[in-house]
Amino acid sequence: MKRFLSPALLFLAAFLVTLLAQKYTFFAQEQEGLFLLTPDYFAGRFSYPLPISGILGDFLSQFFRFSVYAPAIVAAGVTLAFLLLRGALRRLRLRWDRLPMLLAAGLWMLIAFARTPQPGTFAVLLCAALWLLSRLLPAPAGRPAPGAADLAACALLLAAAALVVCLHPALRRREVLAHTRYAVALGDWDRVLALATPAQCDRDETLIPLALLALQEKGQLGERMFTYPVIQEDDFDRCDRDNEPESLFFLGFLYERLGGYNEAIHNFYQLSSSQDHGTSFLVLRQLLSDYYQLGNYTLAEKYCQILSRSTLHGQYVRHFRRLMAEGEAREPDPPAVRSGMPLASHNPLENLFQLGSVGLYSPAIAERTLCTLLLQGELGAFHALFETVYHDGDAIPRHYQEALLLAGQAPAGISPAVRQRFDAFQADMLSGTAELLRDRYLGTYWYYYLAHSQF
Amino acid sequence: MLFTGSAYGTFPIWHREADLYLMDLETGAVRAADELNSDEADSYHSWSSNGCWVLYSSRRIDGRHTRLYLARFDGEGHFSKPFLLPQKDPSHNVLRLKSYNVPEFVQGDPGRLSKEVSKHFAR
């Protein structure tokens with residue numbers, strides 16, 4: 001039984017650590033991956049180097065959509081590699097477990113750090129080839145069990161690998177980002193805010209627009225926006241970096257939430273151009289869902305057909321086909337149809353006005369517009385719009401109170417505490433140092449206006 | 001002469017409003033080639049060497065992926081109704097997630113990989 005101890009330990013460690021520390025990282029690999037039983041997919045794969053490991057990796061990554069499968073597949077892969085290497089090394093009369101364990105731990109690291117499953121599947125296939133080659137050598141007599149020292153060395157190697165996977169800053173950052181993106185795709189805004197805290201956003205600026213999107217969905221932009229490390233308009237709308245994959249992911253979901261489904265489709269489609277296969281499961285799922293929302297069932301059906309060629313989207317496709325069959329009996333929702341217009345502008349305000357002009361005006365669009373004006377330092381325009389959105393008796397969010405005081409306005413509804421703090425801010429402006437202003441006013445609109453604006 | 005017109009800028013294949021236009025080189029008269037055009041981008045094109053056929057790219061199926069269309073030209077300024085380039089498996093036009101952007105008619109063997117295609121056209 002002792003000879004099964006090392007592989008059992010390895011499987012257990014890889015499974016548990018991946019489940020605890022990398023579940024969402026592997027889910028992101030599924031989002032960015034693709035496997036379709038189509039000639040087009042296979043022709044594409046065979047036009048790249050190492051097609052077999054690529055296809056195997058793509059096939060396996062489909063299962064990463066379900067939380068327990070990814071850790072199980074990773075654990076099975078490294079354990080299989082260990083067994084193959086141990087078998088091969090035994091033919092070379094190397095009887096220790098620690099050497100194959102060292103290589104298996106290395107493979108685990110490779111899988112943990114890789115962006116796609118392909119390096120891992122290639123390494124396992126390589127181990128299988130070595131094992132097959134080793135069969136040419138004569139088999140050793142008996143099946144020796146590892147000694148206590150050997151097992152201790154294996155345990156030490158596993159502990160080291162587990163620590164790296166759990167604690168490496170780059171892997172932590174990837175997991176938090178992947179988890180946040182997962183929550184965004186689910187529309188779980190509380191979870192987004194729990195993950196993308198101001199401190200976490202300070203460490204990873206790609207989280208900022210996702211956190212602000214969650215604030216928008218919770219109706220808290222005006223209350224909490226400047227508690228996040230926002231230093232420029234682009235942190236809010238990503239318009240200057242709208243060709244980066246992270247920005248396109250954000251913009252797709254942003255316009256989906258605002259009801260601009262055509263713009264969401266445009267951004268998801270642009271996102272596909274940055275992905276390995278020219279598209280991905282995430283993009284295909286979003287295109288299907290957004291075309292359905294637009295009432296364009298012809299194109300939604302096209303993406304149903306494509307997704308039905310993958311292994312694990314049967315239920316997903318049936319769900320949309322059922323919705324479409326039910327939806328054909330009713331008139332499409334007019335604003336959703338109108339939002340089929342393209343938004344050609346790179347100016348976020350222009351895009352928001354266009355959405356409003358086709359009947360998609362909503363509290364979220366109003367808040368986004370007000371916040372964009374704050375970020376641009378357009379206090380006059382902010383005040384004018386504020387007066388049309390907020391009426392006497394409405395509670396005024398904190399940052400709006402700060403901006404109104406800065407603009408020289410003092411409508412009813414500004415709290416005495418904010419007014420008092422503004423008086424102190426004005427006094428500190430005259431006599432305080434930059435450090436003092438930062439210490440006292442970081443997290444207010446005043447500090448943003450003072451420190452980051454070019455106005 | 002056939003050319004692509006769009007509202008502004010370059011790369012008309014990215015412009016939804018891009019359409020094909022026909023110019024009579026003797027008179028300079030220009031007309032939209034309405035027989036060929038659709039609501040989506042209609043763009044890159046190529047004439048056959050005898051001037052009887054035009055091959056062009058259009059995004060009319062889904063607005064995203066370019067597919068190839070063929071139309072016959074009667075020499076009098078009129079095109080026939082265009083048809084989608086036939087595929088061995090028609091679902092190819094749905095399942096293929098890449099575009100055919102720059103179609104060209106060629107004379108002779110288009111290459112070892114395209115032998116099957118050329119066999120169909122030789123018939």
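Q: Two residues count as being in contact when their C-beta atoms, placed from the backbone, lie within 7 Å; among contacts in chain A between residues at least 6 apart in sequence, what share joins residues at least 24 apart?

A: In this predicted model, the share for chain A is 65% among contacts between residues at least 6 apart in sequence. For chain B, counted among contacts between residues at least 6 apart, 38% join residues at least 24 apart.

Q: How do you know which residues of helix 4 of chain A are called buried?

A: A residue is called buried if 20 or more other C-beta atoms lie within 10 Å of its own. In helix 4 of chain A, which covers residues 51-61, the buried residues are G54(A), G57(A), D58(A), L60(A) and S61(A), so each of these five names passes that cut-off.

Q: Why are the buried residues of helix 4 of chain A said to line one face of the helix?

A: When helix 4 of chain A is viewed down its axis, the buried residues fall within an arc of 165°, and therefore they line one face of the helix. Among the elements that cover these buried residues are helix 2 (23-32), helix 3 (39-46), helix 5 (69-91) and helix 7 (118-134) of chain A.

Q: How much of chain A and of chain B counts as buried?

A: Of the 455 residues in chain A, 42% are buried, while in chain B, with its 123 residues, 19% count as buried.

Q: What makes up chain A and chain B in terms of helices and strands?

A: Chain A has 27 helices and zero strands, whereas chain B has two helices and seven strands. Read from the N terminus on, the order in chain B is β-β-β-β-β-β-β-α-α.

Q: How many residues does the contact take from chain A and from chain B?

A: Eleven residues come from chain A and eight residues from chain B. On the side of chain A, helix 18 (residues 297-307) gives the most, with four residues, and the classes on that side are four nonpolar, four polar and three charged residues.

Technical notes. Residues are numbered from 1 along each chain as its sequence is written. Chains are lettered from A and ligands numbered from 1 in the order in which they are written. This is a predicted model: local features need pLDDT of at least 70, side-chain atom pairs count only at pLDDT 80 or more; totals for chains, interfaces and linings use all residues. A residue is buried if 20 or more other C-beta atoms lie within 10 Å of its own, exposed if 12 or fewer, and partly exposed in between; C-beta atoms are placed from the backbone. The arc is that of the directions from the helix axis to the C-beta atoms. Ala, Val, Leu, Ile, Met, Phe, Trp, Tyr, Cys and Pro count as nonpolar, Asp, Glu, Lys and Arg as charged, and the others, Gly among them, as polar.
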